[in-house]
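Please look through the structure below, together with its sequence.

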Amino acid sequence: MTVTYPFSAVVGLDDLKLALVLNAVSPRVGGVLVRGEKGTAKSTIVRALAAQLPQVEVVSGCRFACDPGAPDPACPDGPHEPGEHRLRRAAALVELPVGASEDRLVGSLDVERALTEGVKAFEPGLLAAAHRGVLYVDEVNLLHDHLVDLLLDAAALGTCYVERESVSVRHAARFLLVGTMNPEEGELRPQLLDRFGLTVEVRASRDPGERAEVVRRRLAFDADPEGFAAEWAEEEARLARRIAEARARVGAVRLPDARLRQIATVCAAFEVDGLRADLVTANAAIAHAAWHGRDAVTTEDVRAAARLSLPHRRRRDPFDAPGLDEELLDELLRQTSGPDDDVPPDGGGGESPPDGTNPDISGLDPAGQERETGATEQTRPGPLAPPEQPEGPGVPTGRREDAGNGGRDADDARPEETGRRSGDGSGQVAAVAAPYRVPLLKVPGVGEGAAGRRSRSRGRHGRGIGARLPQGKAHDIHVTATLLAAAPHQARRGRTGPGLLLRQDDLRQVVREGREGNLVLFVVDASGSMAARKRMTTVKTAVLSLLLDAYQRRDKVGLVTFRGTTAEVPLPPTSSVEAGAARLRALPTGGRTPLAAGLIKAAQVLRVERLRDPARRPLLVLVTDGRATSGGDVDRAAALLHGTASVIVDCETGPVRLGLAAHLAARLQAALVPLDALSDLGSVVRAHRRAG
């Protein structure tokens with residue numbers, strides 16, 4: 001039997017522990033998204049919580065974990081009669097792998113039974129297995145968008161609907177949803193972020209003593225898992241009892257109208273989109289009150305809920321980091337609280353639960369000594385000002401004036417105000433203006449890369465366009481084509497009863513065509529000529545716009561720059577477009593123009609990436625005026641990129657133009673797009689047609 005690391009033994013992570021507990025108390029909260037760098041015990045604590053959830057009673061033999069006391073009337077394995085045999089088991093912990101298919105997630109037709117027995121039977125998926133338990137998605141940001149949509153729909157509705165392959169099934173799917181992600185590997189889209197109830201951002205502590213305590217406990221667990229778990233058994237049992245008591249209490253907790261108006265005021269002042277934030281905050285506040293043994297929601301409960309439910313709903317731009325101005329939150333709560341409410345300056349305080357246990361999750365260690373504070377810290381981002389809007393009387397908004405620029409954000413300031421020297425004094429750093437919408441740039445042909453939204457591809461995602469013989473193990477069976485292949489041979493095979501007689505060579509697989517994500521490698525001229533006439537501001541804005549497009553189309557991105565005598569790779573290929581935007585904003589300019597060195601460096605990066613991910617096709621975006629004042633033979637360097645789909649953004653300006661970028665485009669067989677026409681859809685489409 002595998003021993004799980006105790007939940008109570010995890011050092012620190014108090015916000016994460018609270019978010020998980022609130023969802024355990026009330027699944028209506030809507031799940032938890034855990035954002036953090038690698039190695040911060042995200043997966044450990046999720047698995048530890050599942051072991052502390054109360055056991056569930058299920059109908060024996062029901063694949064959908066129906067509650068014997070209130071079975072689902074639409075259960076595909078039902079109807080269940082009163083008094084059916086029941087059993088108690090631990091709450092399920094189901095893990096959804098990144099590479100899972102839609103069939104594995106929601107379920108599908110049991111093809112084997114359909115073809116061999118001639119019956120329609122439903123094969124349940126992971127959503128059914130997770131009912132009344134925990135569904136854990138590690139690296140949820142790497143999961144394909146349509147699977148995230150299906151997952152979050154089921155979590156919000158508590159029901160899974162399956163309409164496919166002549167199967168129409170509805171079954172209950174209520175679970176505690178936990179997703180973890182490393183922002184360095186790419187962000188979730190804001191519309192998907194909004195579907196998670198709560199979010200917590202964690203990072204490792206920099207305190208040596210706290211880090212040592214984490215290592216000490218982990219080594220003790222690895223040396224003797226059973227003994228370590230026994231030391232924490234009493235506290236784990238106390239935690240499980242408290243969760244069960246809070247679950248029983250949550251339905252009776254009242255949400256006074258004054259607290260509801262407080263929630264609405266806070267959400268409106270922070271200018272979150274829609275009303276989901278209000279609903280999540282209300283449910284989280286009710287769960288928080290139940291956890292602390294209260295029969296009515298207080299201002300403290302509203303504050304605790306808002307700190308976890310609002311940060312990820314503040315993003316106005318895909319490159320914004322989630323954050324919440326806690327000073328503004330406290331100010332709003334003070335202005336909207338009643339005379340009997342106590343809102344401590346630090347947001348602390350609160351009543352103890354009726355059983356007299358410590359309301360904090362951190363508690364005491366087995367020896368009764370106070371434990372050290374967390375070995376990981378919850379990041380508390382600074383203010384993130386939303387767009388301005390008229391202020392209502394007496395209600396502050398999320399906008400704050402900045403005396404340094406008259407209230408404008410840095411990105412809204414004029415270029416001459418934000419242009420600056422680089423930190424190392426090596427060049428001028430140009431400002432970046434607001435990005436704009438750019439047209440679709442595609443890699444020619446049909447690929448087989450990871451699902452995305454850019455170029456045509458054939459694989460496991462997309463719409464069915466035909467059938468073919470499987471190559472290797474059969475998957476995604478094309479039922480109609482398989483039946484048609486097997487039907488003519490039934491008499492010869494001696495069929496006498498129901499069901500088809502199948503052979504391996506009868507199977508046909510669906511051919512699907514959709515869109516793939518590509519590797520978009522930006523090669524940017526950062527030499528002194530680009531700094532003239534503030535051209536670099538225009539270039540940076542264009543590249544930022546292309547980065548935003550890559551974000552929306554689920555591409556990997558990389559950045560190569562060249563200036564002086566060499567080329568460098570400030571951003572190796574990654575799924576984190578946000579990291580690309582940050583590197584671009586800080587990019588200095590100056591020096592000579594080693595164009596050949598930039599092309600050679602790009603060829604080296606692409607060669608390595610082909611070995612790492614051969615299915616992902618590259619798209620080279622070269623931003624240059626075509627000049628080369630150092631760095632070797634440009635034509636010889638361009639030959640290294642022969643066959644790579646390329647687009648050249650021509651940055652040459654002024655009344656006299658040499659046309660060097662056009663010559664390079666012909667050498668690379670690339671589409672040529674003038675910089676000032678990049679935002680003109682018609683110009684780019686015509687450029688691609690000429691290149692084709």
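Two strands pair if DSSP finds at least two bridges between them. Strands (E, at least two residues) and helices (H or I, at least four) are DSSP runs, numbered from the N terminus. This is a predicted model, in which local features need pLDDT of at least 70, side-chain atom pairs count only at pLDDT 80 or more, and totals for chains, interfaces and linings use all residues. Residues are numbered from 1 along each chain as its sequence is written, and side-chain values use heavy atoms, with hydrogens and water left out.

Strand β17 (residues 509-516) has two partners described here. Strand β15 (residues 451-459) pairs with β17 in the antiparallel sense over 6 bridges, and G459 has R512 of β17 as its bridge partner. Strand β16 (residues 463-468) also pairs with β17 in the antiparallel sense, over 5 bridges; here A467 stands opposite V510. Of the 8 residues of β17, 7 are buried, where buried means under 20% relative accessible area, exposed over 50%, and partly exposed in between (1.4 Å probe, protein chains only). In a regular strand the side chains alternate between the two faces of the sheet.

Confidence comes next. pLDDT is the predictor's confidence in each residue, from 0 to 100. The chain has a mean pLDDT of 78, and 80% of its residues reach 70 or more. Over residues 362-419 pLDDT stays under 50, and the model has 121 contacts beyond four places in sequence for them; a contact means heavy atoms within 4.5 Å. Residues 681-692 also stay under 50, with 17 such contacts.

Within helix α12 sits T281. Its relative accessibility is 1%, so T281 counts as buried. Leaving aside residues up to four places away in sequence, T281 touches I263, C267, V302, A305, A306, S309 and L310.

Helix α2 (residues 42-50) is largely enclosed by the rest of the structure, because 7 of its 9 residues are buried. Among them are K42, I45, V46 and L49.

V214 lies in helix α8 (residues 208-223). With a relative accessible area of 34%, V214 is partly exposed.
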